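I opened a new page for this structure today.

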Amino acid sequence: MEALLIVDLQNDFCPGGALGVENADSIVPTINQLAEKFELVVASKDWHPPKSIHFEKWPAHCVRNTPGAEFHPSLNTKAIEQVFLKGTEDKDDGYSAFEATNKDLTEYLRNRGVKTNYIVGLTTDYCVKETAIDSARNGFKTIVVRDAIKAVNAEPGDGDDALKAMQSAGCELVYVHDIFNQK
Ligand code: VGL
Ligand code: ZN
């Protein structure tokens, strides 16, 4: 069983959001197409309390129950079976979807018989990176779809460094067309 894991495709990481990443919304149609190819689609949400140590490093974003924390309006949320909420505590960055507090992602995937996770979403250099590395560490074959993710690039090259870090952790990098050629 293969799962598509959509990381943090939320308004605050898209253009116009509190931590808007250039062109982040351009990956949404592709992700909707990919979702149709997977029997299991799950998603994470950055879901911070109004006050958090996380906001000493970042402008306030994805505050729970605010419009900025909602999924991008074009994302086909009907395909998503379960949402995993992370960064929910005031002393917790919660970059990885495997740190979700509402439900245990590893247990959920194992119970569904998942062996392989395909990772897409936002952002390459933070939550995608940490989620992909945790996925590999937790024993899943992990495939990062390099043209269905976007980097913050706070420093130039952060996105490329993140790709290398994910590869070093055992993740495979593919392009969207590799998946469509195969499925
Ligand atoms: C993220 C920065 C702060 C992410 C979350 O989703 O990649 N980045 N919080
Ligand atoms: Zn955050």
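My entries follow in the order in which I looked things up.

**Ground rules.** I am working with a predicted model, where local features need pLDDT of at least 70 and side-chain atom pairs count only at pLDDT 80 or more, while totals for chains, interfaces and linings use all residues. Residues are numbered from 1 along each chain as its sequence is written, chains are lettered from A and ligands numbered from 1 in the order in which they are written, and side-chain values use heavy atoms, with hydrogens and water left out.

**Entry 1: the zinc ion.** I looked up what holds the zinc ion (ligand 2). I found Asp46 (OD), His48 (NE2), His54 (NE2) and His61 (NE2), at 2.1 to 2.2 Å. Donors here are N, O and S atoms within 2.8 Å of the metal (3.2 Å for Na, K and Ca); water is not among the atoms, so sites may look incomplete. Along the chain, I read the donor spacing as D-x1-H-x5-H-x6-H.

**Entry 2: His61.** I placed His61 in the loop between strand S2 (40-46) and S3. Strands are DSSP runs of E, at least two residues, numbered from the N terminus. Is His61 buried or exposed? His61 counts as buried because its relative accessibility is 2%. Buried means under 20% relative accessible area, exposed over 50%, partly exposed in between (1.4 Å probe, protein chains only). I noted that Asp46 and His54 are buried too.

Next I checked polar contacts, which are pairs of N or O atoms within 3.5 Å; within protein, one must be able to donate a hydrogen and the other to accept it, and residues adjacent in sequence count only if both atoms are side-chain atoms. The side chains of His61 and His48 make one of 3.2 Å. A polar atom of the His61 side chain also lies 2.8 Å from the backbone oxygen of Pro59.

**Entry 3: Val83.** I moved on to Val83, in strand S3 (residues 82-86). Val83 counts as partly exposed because its relative accessibility is 23%. Leaving out residues up to four places away in sequence, I listed its contacts (heavy atoms within 4.5 Å): Ala43, Lys45, Phe71 and Asn102. I also looked up Ser26, which is 57 residues from Val83 in sequence and 22 Å away in space, C-alpha to C-alpha.

**Entry 4: the cavity lining.** Which residues line the largest cavity? I found His61 there again, and among the others are Asp46, His54, Trp58 and Tyr95. Lining residues have an atom within 4 Å of a point on a 1 Å grid over the protein atoms alone; a cavity is a set of such points where a 1.4 Å probe fits but cannot get out.

Methods. Helix = DSSP H or I, 4+ residues; strand = E, 2+ residues; numbered from the N terminus. 1 Å grid on protein atoms, 1.4 Å probe; cavity = no way out; pocket = protein on both sides within 12 Å on 5 of 7 lines; lining within 4 Å.
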